[in-house]
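Trainee: I am new to this structure and would like to learn how its descriptions are reached. Could we go through them together?
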Amino acid sequence: MSNYLEVRWHGRGGQGTVTGAKTLAEAILSKGKHIQAFPEYGPERRGAPVRVFNRFSDNPIRMHTPVKTPHIVLVVDPTLIGATNVTEGLREDSIVIVNTTDTPAQLRKTLNLGPKQKVFTLPATKISIDAIGRALPNAPMMGGFVKAVPIMSIDDLLVEIRASFEGKFPEKIIEGNLSAIRRGYEEAISDV
């Protein structure tokens with residue numbers, strides 16, 4: 001990866017979108033990559049739309065602007081589809097990862113994606129409720145990201161998340177998040 005890998009997340013306040021992007025970036029940092037993770041807020045309140053950006057590179061990142069042409073888009077809250085343009089600036093070969101029970105083929109049609117663009121779907125909200133006990137879809141979305149973009153293995157991601165969470169959270173919370181990440185990886189499906 002000699003250039004930037006640019007990522008845009010779409011979610012709502014209270015879903016862990018900002019935390020997910022930052023946690024993913026910290027995990028990828030362990031692979032010797034240069035990273036960025038930063039949010040763009042509208043009104044700062046629970047339920048308000050939020051966009052979060054990541055950049056990953058083998059080289060120092062000197063750009064500090066929002067991601068305009070993402071390689072990867074993660075839609076943490078599917079109600080934002082149609083309410084905001086989640087496909088804005090997509091590249092010809094972008095990957096879109098959506099928290100939904102819809103099939104990838106359904107989402108491809110809904111989002112009007114091109115033939116070289118990939119779509120992955122996973123039921124991240126359901127997974128998080130099952131694994132964590134709350135609707136925090138950020139953890140399964142990280143697992144879905146690693147499946148769609150093999151920047152690191154799922155096992156390496158889980159090791160890094162555990163190391164990041166130890167001492168901050170009780171073991172039950174850590175295990176729930178690790179389970180949600182693994183299930184997100186396992187349950188993410190694509191139509192290509």
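Predicted model: local features only at pLDDT ≥ 70, side-chain atom pairs only at ≥ 80, totals over all residues.

Trainee: What makes lysine 126 and aspartate 130 a salt bridge?

Mentor: Their side chains meet at 2.8 Å, N to O. The cut-off is 4 Å between a Lys or Arg side-chain nitrogen and a carboxyl oxygen of Asp or Glu, so this pair qualifies. The two are separated by about one helical turn, because they are 4 residues apart in helix 3. Aspartate 130 is partly exposed at 46% relative accessibility. The pair also belongs to a network of salt bridges that links Lys126, Asp130, Arg183 and Glu187.

Trainee: How do you know that the buried residues of helix 3 line one face?

Mentor: In helix 3, which spans residues 124-132, Ala124, Ile127 and Ser128 are buried. Seen down the helix axis, the buried residues fall within an arc of 95°, so they line one face. They pack against strand 5, strand 6, helix 4 and helix 6. Just after helix 3, glycine 133 has a positive phi of about 95°.

Trainee: Why is asparagine 54 called buried?

Mentor: Its relative accessibility is 0%. Buried means under 20%, so asparagine 54 counts as buried. This residue lies in strand 3, and its contacts beyond four places in sequence include Leu5, Trp9 and Val67.

Trainee: What makes the pairing of asparagine 54 with tryptophan 9 a polar contact?

Mentor: The two side chains make that contact at 2.7 Å, and the cut-off for the N or O atoms is 3.5 Å. A polar atom of the asparagine 54 side chain also lies 3.1 Å from the backbone oxygen of glutamine 36.

Trainee: And histidine 71, is it buried or exposed?

Mentor: Histidine 71 is buried, because 19% relative accessibility is under the 20% cut-off. You will find histidine 71 in the loop between strand 3 and strand 4. Among its contacts are Tyr4, Glu6 and Arg91.

Trainee: What makes glutamate 6 and arginine 91 a link between distant parts of the chain?

Mentor: Their side chains meet in a salt bridge at 3.3 Å, N to O. Glutamate 6 is in strand 1, arginine 91 is in the loop between strand 4 and strand 5, and they are 85 residues apart. Glutamate 6 is buried at 7% relative accessibility, while arginine 91 is partly exposed at 27%.

Trainee: Why is strand 1 described as largely enclosed?

Mentor: Of its 8 residues, 7 are buried, so strand 1 is largely enclosed by the rest of the structure. Strand 1 is joined to strand 4 by 4 bridges in a parallel arrangement, and to strand 3 by 8 bridges in an antiparallel one. Arginine 8 has valine 73 as its bridge partner in strand 4 and phenylalanine 53 in strand 3.

Trainee: What makes strand 2 and strand 7 edge strands?

Mentor: The sheet is open, with 7 strands in the order 2-3-1-4-5-6-7 and mixed pairing. Strand 2 and strand 7 are the edges: each pairs on one side only.

Terms used:
Residues numbered from 1 in each chain as written. Heavy atoms only, no water. Buried < 20%, exposed > 50% of the residue type's maximum accessible area, 1.4 Å probe, protein only. Polar contact = N/O pair within 3.5 Å; in protein donor to acceptor, adjacent residues only side chain to side chain. Contact = heavy atoms within 4.5 Å. Arc of directions from axis to C-beta. Pairing = 2+ DSSP bridges.
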